[in-house]
Amino acid sequence: MTDTSDSAPGGVSRAAVLVPGRRYPVESPLLYFAQEAVEVRDGYVEPVRWTAPELDQAGTRAWLTSAESEAWVCGQVSDALARVEKSLPGAATVLVGKSLGTRAASVAADRGLPAIWLTPLLHTPRVVAELGRSEAPFLLVGGTADEAWNGAEARRLTPHVAEIPGADHGMLLPGPLAASLAAHAIVATAIEHFLDTVVWLTT
């Protein structure tokens, strides 16, 4: 995985900010495929790396839905966007966030940025509200075995939805690993399709 700062054909600069989950760094599979999808389209990738607070299960659940976690995530994403703007002023930028990273939905809404939200926290009212406020297009990706996912809510919020039957919050399925690999392939294809047909239109 190598960050690039190339420009897209026609001189239009492209960039993506990758936002990790609580225990899902940007090198993990879903975000790895997102980075590859951006880079093969001559895009610059700005990864966010963090260490989330270590809490017990109850504390983690409370923190994930708190105003504190939203401010913590949004601050780091805003800093990453500033770095992109410094490197590539005016770049066509997309946010790509996993789980906790979807707390940055308010940043996307405020700045009118398109986004790809992987296993978004749709059980958190604030996330749903910020997604609903966004005027830029966004892709929602989740599995039906993920307690944070709500397929009906996702389809209400956006026409761009990739739902994987039986997949959990890590986009894993029970049984042979081939099923989980297939799920990741579906997600990768959905990301590429969204980039090509919505975020960075190609001819």
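These legends describe close-up views of a predicted model.

**View 1. Cys74 in helix H3.** Helix H3 spans residues 67-87. Cys74 has 12% relative accessibility, so this residue counts as buried. Beyond its neighbours within four places in sequence, Cys74 is in contact with Arg103, Ala104, Ser106 and Val107. His193 lies elsewhere: its C-alpha is 27 Å from that of Cys74, and the two are 119 residues apart in sequence.

**View 2. Arg41 and Glu192 form a salt bridge.** Their closest N and O atoms are 3.4 Å apart. The pair links distant parts of the chain, 151 residues apart. Glu192 sits in helix H7 (residues 177-199), while Arg41 sits in the loop between helix H1 (29-39) and strand S2 (44-47). Glu192 is partly exposed because its relative accessibility is 31%. Arg41 is buried, with a relative accessible area of 12%.

**View 3. Arg41 also forms a salt bridge with Asp196.** Here the closest N and O atoms are 2.6 Å apart. Asp196 lies in helix H7 and Arg41 in the loop between H1 and S2, so this pair ties together parts 155 residues apart in sequence. Asp196 counts as partly exposed, at 22% relative accessibility.

**View 4. Arg83 forms a salt bridge with Glu46.** The closest N and O atoms are 2.7 Å apart. Arg83 belongs to helix H3 and Glu46 to strand S2, so the bridge ties together parts 37 residues apart in sequence. Arg83 is partly exposed, at 38% relative accessible area. Glu46 is buried, at 9%.

**View 5. A network of salt bridges.** Shared partners join Glu70, Arg103, Asp110, Arg126, Glu130 and Arg133 into one network. The whole structure holds 13 salt bridges.

Notes:
Residues numbered from 1 in each chain as written. Predicted model: local features only at pLDDT ≥ 70, side-chain atom pairs only at ≥ 80, totals over all residues. Heavy atoms only, no water. Helix = DSSP H or I, 4+ residues; strand = E, 2+ residues; numbered from the N terminus. Buried < 20%, exposed > 50% of the residue type's maximum accessible area, 1.4 Å probe, protein only. Contact = heavy atoms within 4.5 Å. Salt bridge = Lys/Arg side-chain N within 4 Å of Asp/Glu carboxyl O.
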